[in-house]
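Visitor: Hi! I'm new to this one. Could you walk me through it?
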Amino acid sequence: MTIPLVDLVAQYNSLKKEIDKAIEKVIQSGQFIGGSEVEQFESDMATYCDMKYAIGVASGTDALRLALRACGVTSGNEVITTPFTFIATAEAIIQCGAIIVFNDIEPETYNLDPDKIEVTSKTKAIIPVHLYGQPVDMSPILEYAQRYDIKVIEDCAQAIGAKYKGKRVGGLGDAGCLSFFPSKTLGAYGDGGMVVTNNPDIAEEVRMLRNHGYKEKYFYETHGFNSRLDSIQAAILRVKFRHLDKWIKMRHEKASLYTKLLKKIDGIKTPYTNHSNYSTFNYYTIRVDKRLGRGKLADFLKSYGINVAVYYPLSLHLQKVYEPLGYKIGDFPESEYAQEEVLSLPIYPELENQQIEWIVNQIREFSINA
Ligand SMILES: *Cc1c(COP(=O)(O)O)cnc(C)c1O
């Protein structure tokens, strides 16, 4: 038996008829860029996120880049974010010509630690990343933002549908950025992303930026990009969107079962839960004690056909590409501990409870013999 980390084919097979029909409809319509599929999906997502505006773009990375630009982030500005994230978060800052400033994370949530945020006179924006689907502690961050006039752009690439104190993520700051990369909770069959906001100026700017910088065709107002969500992807996403809440609920149930079974195993720490928030478990990430050894456990599970992954093995401040920023080992201890200990286990709606029990049994056996 092999258990993948995510099973996109199982999901397709469960929706094959609807999806094939949606794709064919787009092809028959001849409308491949923009049009009603994109507009309707934008409207679905605005409603879902409780936001006034949703603008489809080419990827989650572009959502971040365009949102930063629309918030006025430009060269010389500093943007604070976490070093424990996918590189796209930091890339988007560089792509605006701005300076990345990393601050350390909380050991429990793996998210930006509000107490460690150091605002300077050059800080223009903060990008909290709701990692693995776990909401960031936003209240203190929003308070800094108000006090120091800083923009907050949420990276919700892993957290569509998650809630912070009852409110959907993406709508807490100035703009929220979604990714429809295939392995995300709501994944396309290619790349896609979206910016959600309540601010009409940000919405209008992102709309221009994604489409060569014009409002009226052939009259250009700003330096833009070609960064559109295509109609076939929008049509696929609209079909999948109808199942999103059910899938998130199923992820929750799978995560609860994992947590219940893993709790008793020595050396394994299950994901943090906070009952005022709602995490969506884009990844189910445990922490493996040094004594057990994350690498050894990962190899052991792989030998049984259980696919696991490390998100992320090296904090961004220690990456070769960011050497010029001048960070060194020891700058962000929590992020550096996490990179040695985290391990993400298979999670997807189609994963069976028996499979979870079997995975946990292997982990238990490993722990007993370690
Ligand atoms: C996936 C991801 C992105 C980027 O999304 P793409 O659609 O792949 O460009 C950004 N931030 C985080 C945290 C992600 O996981």
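This is a predicted model: local features need pLDDT of at least 70, side-chain atom pairs count only at pLDDT 80 or more; totals for chains, interfaces and linings use all residues.

Visitor: Let's start with helices. At what angle do the axes of α2 and α7 cross?
Guide: They cross at roughly 40°, and the axes come within 8 Å. Here α7 covers residues 231-241.

Visitor: Is that parallel or oblique?
Guide: Oblique. Angles under 35 degrees count as roughly parallel and 65 to 115 as roughly perpendicular, so roughly 40° makes α2 oblique to α7.

Visitor: And the crossing of α2 and α7, left-handed or right-handed?
Guide: That crossing is left-handed.

Visitor: What about α1 and α7? How do their axes cross?
Guide: The axes of α1 and α7 come within 9 Å and cross at roughly 140°. α1 and α7 are therefore oblique to each other, and α1 passes α7 in a right-handed crossing.

Visitor: Got another pair, say α9 and α11? How do those cross?
Guide: Helix α9 (residues 294-303) and helix α11 (residues 353-369) have axes that cross at roughly 130° and come within 10 Å. They are therefore oblique to each other, with a right-handed crossing.

Visitor: Changing topic: which residues form a nonpolar patch on the surface?
Guide: Ile 27, Phe 32 and Ile 33 do. Together they have about 280 Å² of accessible area.

Visitor: Where is Phe 32?
Guide: Phe 32 sits in the loop between α1 (8-29) and α2 (36-48). With a relative accessible area of 39%, Phe 32 is partly exposed.

Visitor: How about Phe 225, buried or exposed?
Guide: Phe 225 counts as buried, at 18% relative accessibility. Its place is the loop between β11 (219-220) and α7.

Visitor: How far is Phe 225 from Leu 68?
Guide: Their C-alpha atoms are separated by 14 Å, and the two residues are 157 apart along the chain.

Visitor: And Gly 171, what's the story there?
Guide: Gly 171 is in the loop between β7 (167-168) and β8 (175-179). Its relative accessible area is 9%, so Gly 171 is buried.

Visitor: Now the backbone. Which residues does a cis peptide bond join?
Guide: Tyr 311 and Tyr 312, with omega about 10°. Tyr 312 belongs to the loop between α9 and α10 (333-341).

Visitor: What is phi for Asp 50?
Guide: It's about 65°, a positive value although Asp 50 is not a glycine. Asp 50 lies in the loop between α2 and β1 (53-57), and at 62% relative accessibility it counts as exposed.

Visitor: And what's phi for Tyr 218?
Guide: Near 70°, again positive in a residue other than glycine. Tyr 218 is in the loop between β10 (214-216) and β11.

Visitor: Last one: is Tyr 218 buried or exposed?
Guide: Exposed, because its relative accessible area of 57% is over the 50% cut-off.

Technical notes
Residues are numbered from 1 along each chain as its sequence is written. Side-chain values use heavy atoms; hydrogens and water are left out. Patches are made of residues with over 30% relative accessible area and no salt bridge: like charges are joined within 9 Å, nonpolar side chains (Val, Leu, Ile, Met, Phe, Trp, Tyr) within 5 Å. Accessible areas come from the Shrake-Rupley method with a 1.4 Å probe; for residues, only the protein chains shown count as cover. A salt bridge is a side-chain nitrogen of Lys or Arg within 4 Å of a carboxyl oxygen of Asp or Glu. Helices (H or I, at least four residues) and strands (E, at least two) are DSSP runs, numbered from the N terminus. Buried means under 20% relative accessible area, exposed over 50%, partly exposed in between (1.4 Å probe, protein chains only). Axes are lines fitted to C-alpha atoms, for helices over the stretch in contact, and angles run from 0 to 180 degrees between N-to-C directions. Angles under 35 degrees count as roughly parallel, over 145 as roughly antiparallel, 65 to 115 as roughly perpendicular and the rest as oblique. A crossing is left-handed if the near helix is turned anticlockwise from the far one by less than a right angle, and right-handed if clockwise.
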